[in-house]
Structures are given as structure tokens and as C-alpha cells.
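Trainee: I've got a model open and I'd like to learn how to read it feature by feature. Can you walk me through it?

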Amino acid sequence: MKKIKFPFGKPILDNKEYSTVTRVLKSNILVHGSVSKRFENSFKEYTNSKEAISVSSCTAGMHLTYFSLGIKKGDEVIVPAQTHISTAHAVELTGAKPVFVDCILETGNIDISKIEKKINKRTKAIAIVHFLGIPVDIFKIKKIAKKHNLFILEDCALAIGAKYNNKHVGTIGDVGIFSFYPVKHFTTGEGGMIITNNKKLAKKLRLLKAFGVNKIFSERKRGIYNSDHLGFNYRMSEIHAAIGLEQLKKLKIFLKKRNLNFQTYLNNIQKRKNIEILKSNDDSLKNSHYCISIVLKNKLATLRDKINKEINNMGIGTSIYYPQPVPRMNYYKKRYGYLKKEYTNAEIISDNSIAFPVGPHLKKREVVNICKIVNKIIGNFDE
């Protein structure tokens, strides 16, 4: 296997990040400082949300949100079958049950037409995922949620910069939660952000992310504080926030390059009857272009792993989003059983797709080169 020349993802850091981290280290204030607050304010401004709460990861943010709502054993939350396992784990960790819904083949997003069939008196919330940065038609889901008095959590882990009707994802439901893992649109090393327009909920989230103590660090006198609530240590450090502040300044450029690379794939991947590309043709949706995922059909579908291996052998980093429908993962399969017919589309995308990099670490000519290699390899299998 060749060394990976074109990695699937790569954080882009320079002296701006290095120097700002150094300043934080020299300040000796590594938690509870002003940097995380500035990062929250900048993120709030970028997404046009009223509140932003930094957390240690997107998963922590989802779990914290459900915990803050009092979701518990005996409750249920609607969850897409086609997502990262953390979307379900965040529900499971509260003691509640994730109830899975299949996706649609065009985008990989949750099949809205199947949501109401899964709702019952135990249902408390709907978790939606903007799959690969393609926005869900969330206004349709809002109508369902309003009808049944349900909370909407938007998992925006792959969707910073994505918009629906010019509204940033995460601002349309009750909360939106983002990830800053190293291969995401921008990174803090590790970390996440919750946004909401609900000030009361935001206040509770801030309280519970730091042990539930009744005074933030700057309010304490002689180190005295009390705790009125059970809480977690889900805080983001000043070091992570400092990286995030600089990365957020570059996001506009990062997104522009991702869009260019995505379009380059569309223009250069050879059109074949045995290939589909996950994307939306709805002009009201603005994709954040986390990656580009092709779905292999018919005879190519059975050869996915061989094709993927050949592509990797040519130095191209790929990924699979996601390698299993979550309800087919061993933990959930053993716990709740698995009805194959319930998740037909999720299985097709998981078992037959290959995701390619579009990040700003790639130049347009490199994407064109990737396409030439991919076209040749797939062509050899599709003869």
C-alpha cells in the first residue's frame, strides 16, 4: 500500500494557533477564563444564535442536553439509523431508549415520512442529523414536533456552515450541537458547542456542564461555593477555546475551498449508472460539504471493499459514513434486536458507499488527480 498522499482529513494550523495557545499557557489560566467566553460569543455571532455553550465534545453536549431536560429511563428519543454511534449513545447514557428511523437514499438524512410511526406517549425528543453537512428539511420535522410536543436536538457535528432557508443549522430546532474534532470543518483539538435561543435552558446547561455548582469561578469569594444540582465536568479548556477562536476566523475560507473541491468532484467523477453521489438538489439548502460520498450500485456494490482498497493503495485517503447502521452495531443489536427490513436504505449507504476528502488541505488540481485515479479504478471493476 502506498503512503497516503491525499489524507481524508487534516487540521490546518499555523502560527496564529501556536501563538494564541502559548499566550494562554503563559497566562496560567487554563480553565474558567475569558478565552472560552470569547469563543462562545464568536460562535454565537457566526451562527446568529442567542446562546452558545462550549463543551468538551459534541457527544458531551448531546448527553448534557438530554440530562438537562430530565430525559430518563422509560423515555424514548427518535434517532436516525444512519449516523455516528454517539448520537444514540447520548440517549442511551440517560437510561432512555433510542428509537431508530431509516434514512432516504438521496442524502442519507432521516426519512421524515417514517418519524410519526415511531412516536408514542414515551417519546420526548427527536434527534436529527444533518448528514455529511446536508441540511435536513427541519421545518417539516418542527411541525411533527409541535403536534406531539417534542424537543428537537440538531446534531450538527458535520454541518458547521450549512444553512436551510438562509438560517444556520442548529438555530431552527431547540438546540444545535457541533463537533470540533480534528478532521471536522475546523478544530479545537477536541471539543464541541451547544447553541440555543432558549436562555433558560442555556443557563441550566452552563450550570450542569461544571458539576452543577451555584457560582462560576469568577463569582466565588475565598473559594466558597455550593452545589444545588447533579452535574458533569464537560467544560472546554482555555487551550482548546484559543485554537477554536483562530480556526473560526478561517472558516469562511475553509468552506469556500470545500465547496470548490466538492464541485470539482461533481465535474470530474465519471457519470455511471452504477454510481450515485449523496447530495441535495434543493436550492433552499446550503451544504457544508464535509466530504463527498459515492454509493455503488448493482455489481459494484458487492465490490465496495475491493474498490476502496485499490483506491487506498493509490495513496488516496477515504472513509465510510458510516460503517454500520447504528441499530446493527453489536451493542444495539443485542439490546434491542435488529429488523433488517426497517433499515434498508441505511444498509445500502453503510455497506455500499465510499467517502472522499474535500477539505481545504487539498488543491483543486489534486482533486482532479484523485478523480482520474478513482475513475480508472471504478472503470476497471465496471467493465
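Trainee: Let's start with strands. Which residue in S3 is the bridge partner of Val79?

Mentor: Phe100 is the partner of Val79 in S3. Keep in mind that this is a predicted model.

Trainee: Now backbone angles. Which value of phi does Asn166 have?

Mentor: Phi of Asn166 is near 70 degrees, which is positive in a residue other than glycine. Asn166 is in the loop between strand S6 (163–164) and strand S7 (167–168), and it is exposed, with a relative accessible area of 65%.

Trainee: His289 also has a positive phi. Is His289 buried or exposed?

Mentor: His289 counts as buried, because its relative accessibility is 7% and the cut-off for buried is under 20%. Its phi is about 55 degrees, although it is not a glycine. You'll find His289 in the loop between strand S11 (285–286) and strand S12 (292–296).

Trainee: Which peptide bond is cis, with omega near -10 degrees?

Mentor: The one from Tyr321 to Tyr322. Tyr322 lies in the loop between helix H9 (304–313) and helix H10 (330–336).

Trainee: On to charges. How many salt bridges are there?

Mentor: The general idea is that side chains of opposite charge can pair when their charged atoms come close. Here the count comes to 20 salt bridges. Take Lys118 and Glu342, whose closest N and O atoms are 2.7 Å apart. That pair links distant parts of the chain, 224 residues apart: Lys118 is in the loop between S3 and strand S4 (123–129), and Glu342 is in the loop between H10 and helix H11 (344–352). Lys118 is partly exposed at 21% relative accessible area, and Glu342 is partly exposed at 28%.

Trainee: What happens with Arg304 and Asp305?

Mentor: Their side chains meet in a salt bridge, at 2.8 Å from N to O. Arg304 counts as buried at 9% relative accessibility, whereas Asp305 is exposed at 56%.

Trainee: Where do Asp351 and Arg328 lie?

Mentor: Asp351 is in helix H11 and Arg328 is in the loop between H9 and H10, so their pair ties together parts that are 23 residues apart in sequence. The N to O distance of this salt bridge is 2.7 Å. Salt bridges that share partners join Arg328, Lys340, Glu347 and Asp351 into one network. Arg328 is buried at 16% relative accessible area, while Asp351 is partly exposed at 26%.

Trainee: Last one: which residues gather in a patch of positive charge on the surface?

Mentor: Lys5, Lys10, Lys257, Lys363 and Arg365. Arg365 is in helix H12, residues 364–381, and is exposed, with a relative accessible area of 59%.

Key:
Residues numbered from 1 in each chain as written. Predicted model: local features only at pLDDT ≥ 70, side-chain atom pairs only at ≥ 80, totals over all residues. Heavy atoms only, no water. Patch = residues over 30% accessible without salt bridge, like charges linked within 9 Å, V, L, I, M, F, W, Y side chains within 5 Å. Areas by Shrake-Rupley, 256 points an atom, 1.4 Å probe, with all protein chains shown as cover. Salt bridge = Lys/Arg side-chain N within 4 Å of Asp/Glu carboxyl O. Lys, Arg positive; Asp, Glu negative; His and termini not counted. Charge placed at Lys NZ, Arg CZ, Asp CG, Glu CD. Helix = DSSP H or I, 4+ residues; strand = E, 2+ residues; numbered from the N terminus. Buried < 20%, exposed > 50% of the residue type's maximum accessible area, 1.4 Å probe, protein only. Pairing = 2+ DSSP bridges.
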